[in-house]
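Welcome to a short walk through a protein model. Have a look at the sequence and the structure, and then we will go through a few places together.

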Amino acid sequence: MLWSLIKILLFVAAIAGATFGAGYLMETGSSVVITVANTEFVIGPLMMVLLAVALLVGVWLLLKVMGLLIATFKFLNGDETAISRYFDRNREKRGYEALSEGMLALASGEGRVAMAKAAKAEKYLNKPELTNLLSAQAAEMTGDKRKAEEVYKRLLQDDKTRFVGVRGIMKQKLAEGDTETALLLAEKAFAIKPKHEETQDTLLRLQASKEDWGGARKTLGAKLKTGTLPRDVHRRRDAVLALSEARNALAAGDTAKANEAAIEANRLSPDLVPAAVMAARVYTEMGKLRPAARVIKKAWEANPHPDLAAAFAAIAPDETPEARLKRFRALTKLKPTHPETRMLLTELNIAAKDFPAARKALGDLVETDPTARSLTIMAAIERGEGSDDTVVRGWLTKALTASRGPQWVCDNCHSVHSEWAPVCHNCESFDSLSWVVPSEGEVAMPASTEMLPLIVGALEDKVENPVDEPVVEAEILPESEPAPEEPEVVADGEVVALGGDEKPVN
């Protein structure tokens, strides 16, 4: 409000001042006489002021026209001027509009529209780092791999976009299955951006698949330094790589290096079963039996595994079954209720021919957690106690449809492996195998196998069939077909052949 009043007062003062000045000039009475070609022009004071103002306006307009002409000449000559900047801003605006429309089309899955908008943006903008990237992604979406690779190669020419170009071509080579070239490109991308997490993971996976364990350990160390990998995970994976180095060195005949790497792998991750087994065997060969037993006990406490029991038995291979049973108490007392401990203790008692103790050790495992192994062990107990062959066959046939128990299963693709490996054979993921029960059996059995115990003989039937009752086996197997081989029960240290004599395992 006050400012508006001030502006009104200033306007009135300016008008009053102009009026006073004009009146003063008119009252002076003086004039200016200008003679042009014998013609005199008498100009009064007021007119003289008006002419002066008109002259100033004319000079200003002349200068502006001259500036416009000069700018037009420079524009036609290719120099940067206000006119060129105006057109550049207009082109830049249209280019960014096309670029944003192309990005929206790319996000919505319209690859061809995105390519058209990318070409339009490239026409108006001088920013290849933006338009080339949009063109490459749009070409990949439409399946034009050749166009995408061409654009990625153009990105290699600029330092700011070289990493994007290398990464794009690397992903293309991975999709094509060219892991050799992809590995070289991953190393190049890692050299450009060593802190890029995706590049680190890709390089580590490729190095592991190519069994470049030394290079993989360096990449793993870089992941730890950049903070993209927790320290405990780093120790576990470094142990896996050290164990893989030990295996390769052992295969190459470098025993010293293999032993050193195996012990280091066990030190980094004591609960890694393959590392503990290999380290225990190294200590055993060196005559260090106590460190070997200590390594196995620590791994068993974390994860009981049959390979650990085998390595513990190898510490004293020539001991009697009774002595072995006594020595194994140091191992079985660590996890007494674990199914693996119970089955191990049962097998040790079977080897010592103490079948009542074996049955007691197995307990109700065949009911609470029936597996092919526990049911087979139960068949060995029945055979050792002198039960009828029908009962033993019943346990064995029941084992056919039972779960195989824990196995090496990939956490990523859930494929089952017969033995541990650092890289999954199916999905090539690194350090993804766990000793767990698979969600589905490795071998799918037909539904009709559920009737096998009824065909072979009921488990509760421990007496022979009366003479007047028909024998189910005779009805199932025709006389023209050869009789099936008698099943065998494998117990620790011996094989019990049903319907025949026992024979030792070599």
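This is a predicted model: local features need pLDDT of at least 70, side-chain atom pairs count only at pLDDT 80 or more; totals for chains, interfaces and linings use all residues.

Helices (H or I, at least four residues) and strands (E, at least two) are DSSP runs, numbered from the N terminus. With that in hand, find Thr161, which sits in the loop between helix H6 (145–155) and helix H7 (162–176). Residues are numbered from 1 along each chain as its sequence is written.

Is Thr161 buried or exposed? Thr161 counts as buried because its relative accessibility is 7% (buried means under 20% relative accessible area, exposed over 50%, partly exposed in between, with a 1.4 Å probe and protein chains only). Thr161 lies 28 residues from Leu133 in sequence, and their C-alpha atoms are 9.0 Å apart in space.

Next, turn to His234, which belongs to helix H11. With a relative accessibility of 13%, His234 counts as buried too. Which residues does His234 touch, leaving aside its neighbours within four places in sequence? His234 is in contact (heavy atoms within 4.5 Å) with Leu220, Gly221, Leu224 and Leu229, once those neighbours are set aside.

Conventions: Side-chain values use heavy atoms; hydrogens and water are left out.
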